[in-house]
Amino acid sequence: MHAWSDIYQWKDENGQIHFSDRAPSKATSKEISTQLNRINITSDLSSPEMMLRHEQAKEDERKKHYETWQEQKKSNAIKKKNCKDSKRLLKKLKRRVVFVDEQGNDLKISEAERKKRVAQFESGVNDYCQ
């Protein structure tokens, strides 16, 4: 059978922290139930298997959190590089520029095409530099 109760935390006038399943009537409290780890505890509090399962679940959650953080960090580094590259290329495109192919030959690019490329890099700056 499962049981659930709200947990409240508050500080009294002496600075002592209290916890209860009922909010105090004379003090301002904070409901902290969602911040606590959930664990089903049997009547056998010394069960090593239960404690091992709980610790493994907590470790799995920590690993998942760390992997998510690493992926976000990697994604932010890529966005930062793309932002920097887009800004650099946009700055060049806004000036007078000569386009060349792989062999170093001049390419004929219309002003409309240059403006189109400027718009693409401005879009890239907006996407990556947020």
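Predicted model: local features only at pLDDT ≥ 70, side-chain atom pairs only at ≥ 80, totals over all residues.
Local features need pLDDT of at least 70 and side-chain atom pairs count only at pLDDT 80 or more, while totals for chains, interfaces and linings use all residues. Residues are numbered from 1 along each chain as its sequence is written, and side-chain values use heavy atoms, with hydrogens and water left out.

**View 1. Three strands form an open, antiparallel sheet.**
The strand order is β2-β1-β3. Strands here are DSSP runs of E with at least two residues, helices are runs of H or I with at least four, and both are numbered from the N terminus. Two strands pair if DSSP finds at least two bridges between them. The edges are held by β2 (17-20) and β3 (30-31), each with a single partner strand, so one side of each has no neighbour in the sheet. Strand β1 (residues 8-11) is joined to β2 by four bridges. Lys11 has Ile17 of β2 as its bridge partner.

**View 2. Cys83 and Cys129 form a disulfide.**
A disulfide is a pair of cysteine sulfur atoms within 2.5 Å; by this rule the count is one. The sulfur atoms of Cys83 and Cys129 are 1.8 Å apart. The torsion about their S-S bond is about 110°, so the disulfide is right-handed. Cys83 belongs to helix α1 (residues 48-94) and Cys129 to the segment after α2 (111-128), so the pair ties together parts that are 46 residues apart in sequence. Cys83 is buried, at 12% relative accessibility, whereas Cys129 is partly exposed, at 27%. Buried means under 20% relative accessible area, exposed over 50%, and partly exposed in between (1.4 Å probe, protein chains only).

**View 3. Tyr66 and Trp69 form a tilted aromatic pair.**
Rings of Phe, Tyr and Trp (its six-membered ring) pair if their centres lie within 6.5 Å; planes under 30 degrees apart count as stacked, over 60 as edge-to-face and the rest as tilted. A search of the whole structure finds one such pair. The rings of Tyr66 and Trp69 lie 5.8 Å apart, centre to centre, with 35° between the planes. Both residues are in helix α1, three residues apart, a separation of about one helical turn. Tyr66 is partly exposed at 47% relative accessibility, and Trp69 is partly exposed at 42%.

**View 4. Ser86 is a buried residue in helix α1.**
The relative accessibility of Ser86 is 8%. Contact means heavy atoms within 4.5 Å. Leaving aside residues up to four places away in sequence, Ser86 touches Phe121, Gly124, Val125 and Tyr128.
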